[in-house]
Amino acid sequence: MSHPWECDYRAHPNSRRISITYKGNKRFVVTYPRRVSRRHAEAFVQSRMEWMETVVNTPEPTVQSLASHLRNHPLVTIMNGQVPVRWTLLYPEIDFDSLSSIDHFPIFDNGERSLVRQLSALASATLPSQVRVLSSLLPIPAVRSVSIRNQRSRWGSCSSSGNVSLNWRLVLMPPHLQNHIILHELAHLVHMNHSPDFWDLLASWDPQSETNQKSLKRLGKDWIRLAQ
Ligand SMILES: [Zn+2]
């Protein structure tokens, strides 16, 4: 039986189970443990045909430009508050020290790259302070550094030595989701894994943890795709 998609089989020494990942463009990659036979992997794929059909037929999300996102949602989060974005003709001279008291965030539309630069600067000026505010309220090891990155597929990460990195796109989220992500990374200072203890700790800091997690799953796809 032939199908209108391509399957790329890869035996992998580190994989523990058979997994099928959709790579877009009607192409799947199937990874399976070395101890599993290719025939077994193929049988597994056969059993997932219905799912694969659905995936292939679901329209791929269109990439949205940051400019059009900001026109539809002209808000950024600065230190726990949502501030309207206002378009200006002149390149904004932003006084980052007074950001928490400004009534709007001026933005200069000179293409995607310029918008990314401005929002990254906003993220660098505000997210580290927000991390420090939240971490000072919690009984956790000290945060050593906070860096702002342009991660393509994650919101943040935390190393065992206390270095937190956050995606600049967090400034586009409402405060409760931004805080949820920061608290998630801070909880990794206590548990460097996603064990039940980790989730319990996070829920004790963020009572809406589960709802926020669901909102992020639903809405996060749109934010992460911006300016990729
Ligand atoms: Zn995590």
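**Entry 1: Gln 178.** I looked up the contacts of Gln 178 and, leaving aside neighbours within four places in sequence, found Thr 77, Leu 170 and Met 173; two residues are in contact if their C-beta atoms, placed from the backbone, lie within 7 Å. I note that this is a predicted model, in which local features need pLDDT of at least 70 and side-chain atom pairs count only at pLDDT 80 or more, while totals for chains, interfaces and linings use all residues. Residues are numbered from 1 along each chain as its sequence is written.

Is Gln 178 buried or exposed? I recorded Gln 178 as buried because it has 23 C-beta neighbours inside 10 Å; the cut-offs are 20 or more other C-beta atoms within 10 Å for buried, 12 or fewer for exposed, and partly exposed in between. Gln 178 lies in helix α5. Helices (H or I, at least four residues) and strands (E, at least two) are DSSP runs, numbered from the N terminus.

**Entry 2: helix packing.** I examined α4 and α5, which pack at an angle of about 60° with their axes 10 Å apart. Axes are lines fitted to C-alpha atoms, for helices over the stretch in contact, and angles run from 0 to 180 degrees between N-to-C directions. On the α4 side I listed Gln 130, Val 131, Leu 134 and Ser 135, and on the α5 side Asn 179, Ile 182, Leu 183 and Leu 186.

**Entry 3: nonpolar core.** I turned to the largest nonpolar core, which has 35 residues; such a core is a set of buried Ala, Val, Leu, Ile, Met, Phe, Trp, Tyr and Cys residues joined through C-beta atoms within 7 Å. Val 76, Ala 123, Leu 127, Leu 170 and Val 171 touch the most other members. Among the elements giving two or more residues to this core are α4 (112-136), α5 (175-187) and β6 (105-108). Beyond four places in sequence, Val 171 is in contact with Val 76, Thr 77, Leu 119, Leu 122, Ala 123 and Thr 126.

**Entry 4: strand β6.** β6 pairs with β5 (residues 81-88) in the parallel sense over 4 bridges; pairing requires at least two DSSP bridges. Ile 107 is the bridge partner of Trp 87.

**Entry 5: whole chain.** I counted 7 helices and 9 strands. Of the 228 residues, 24% count as buried.
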